[in-house]
Amino acid sequence: QVQLVESGGGLVQAGGSLRLSCAASGRTFSNYAMGWFRQAPGKEREFVAAISQSGNIYYTDSVKGRFTISRDNAKNTVYLQMNSLKPEDTAVYYCAAQNVYGCSGYGCYDRPPRYNYWGQGTQVTVSS
């Protein structure tokens with residue numbers, strides 16, 4: 001089992017920044033690819049960003065150039081730095097972990113069913 005706990009959400013004005021953190025425990029963190037997803041009210045959960053075990057990074061188009069995902073294996077933590085926030089970024093943000101091998105490319109990381117473990121989510125609200 002892997003336990004994931006997100007933090008760092010909050011209320012921010014448009015154009016502002018937030019940094020989300022996701023602390024993992026329970027298994028060897030470096031063995032897992034990590035992803036960030038978000039879900040707005042009435043909408044499906046959508047992919048935001050992912051970082052593989054080897055450090056390959058993927059973003060959905062709407063956050064490219066604004067969000068940065070990173071991981072610190074020594075701290076068992078994955079981060080999502082969010083800059084130039086927009087009201088449409090408002091959602092509950094979830095981190096997730098998957099033990100993926102033998103798969104490469106964006107399609108290995110952008111789908112929720114591929115992930116084995118999920119955090120409880122943290123609310124991000126961007127006011128206009």
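Before you click on anything, one definition: a residue is buried when its relative accessible area is under 20%, exposed when that area is over 50%, and partly exposed in between (1.4 Å probe, protein chains only).

The model on your screen is predicted, so local features need pLDDT of at least 70 and side-chain atom pairs count only at pLDDT 80 or more, while totals for chains, interfaces and linings use all residues. Residues are numbered from 1 along each chain as its sequence is written, and side-chain values use heavy atoms, with hydrogens and water left out.

**Stop 1: the whole chain**

Start with a cartoon view. You will find 0 helices and 11 strands, where helices (H or I, at least four residues) and strands (E, at least two) are DSSP runs numbered from the N terminus. The radius of gyration, taken over C-alpha atoms, is 14 Å, close to the 14 Å that the globule rule (2.2 Å times the number of residues to the power 0.38) gives for 128 residues, so the chain is as compact as a globular protein of that length. Along the principal axes, the C-alpha atoms fill a box of roughly 40 × 25 × 25 Å.

Buried residues make up 45% of the 128 residues. Contact means heavy atoms within 4.5 Å; among contacts between residues at least 6 apart in sequence, 61% join residues at least 24 apart.

**Stop 2: Asp89**

Select Asp89, in the loop between strand 8 (77-82) and strand 9. Is Asp89 buried or exposed? Its relative accessible area is 1%, so Asp89 is buried. Show its polar contacts (pairs of N or O atoms within 3.5 Å; within protein, one must be able to donate a hydrogen and the other to accept it, and residues adjacent in sequence count only if both atoms are side-chain atoms). The Asp89 side chain meets the side chain of Arg66 at 2.7 Å, and it also reaches the backbone nitrogen of Lys86 at 2.8 Å. Leaving aside neighbours within four places in sequence, the residues that Asp89 contacts include Arg38, Phe67 and Val124.

**Stop 3: Ser52**

Move to Ser52, in the loop between strand 5 (46-51) and strand 6 (57-59). At 2% relative accessibility, Ser52 is buried too. Its side chain makes a polar contact of 3.1 Å with the side chain of Ser54. Beyond four places in sequence, Ser52 is in contact with Ala33, Arg71 and Tyr109. Keep Arg71 selected: its charged end sits over the ring of Phe29, 4.6 Å from the centre. A charge sits over a ring if NZ of Lys or CZ of Arg is within 6 Å of the ring centre and within 35 degrees of the ring normal.

**Stop 4: the aromatic rings**

Next, display the aromatic side chains. How many aromatic pairs does a search of the whole structure find? There are 9. Rings of Phe, Tyr and Trp (its six-membered ring) pair if their centres lie within 6.5 Å; planes under 30 degrees apart count as stacked, over 60 as edge-to-face and the rest as tilted.

Pick Tyr32 and Tyr117: the ring centres are 6.1 Å apart and the planes stand at 70 degrees, so this pair is edge-to-face. The two are 85 residues apart in the chain, with Tyr32 in the loop between strand 3 (18-25) and strand 4 (33-39) and Tyr117 in strand 10 (residues 117-118). Tyr32 is buried at 5%, as is Tyr117 at 18%.

Then pick Tyr94 and Trp118, with centres 6.5 Å apart and planes at 75 degrees, so edge-to-face again. Tyr94 is buried at 14%, while Trp118 is partly exposed at 27%. Both belong to a cluster linked by ring pairs, which also takes in Phe37, Phe47, Tyr58, Tyr106, Tyr109 and Tyr115.

Stay on Tyr94 to find Arg45 over the ring face, 3.8 Å from its centre.

**Stop 5: Leu11**

Finish at Leu11 in strand 2 (residues 10-13). Leu11 is exposed, with a relative accessible area of 65%. Not counting residues up to four places away, Leu11 touches Thr125 and Ser127.
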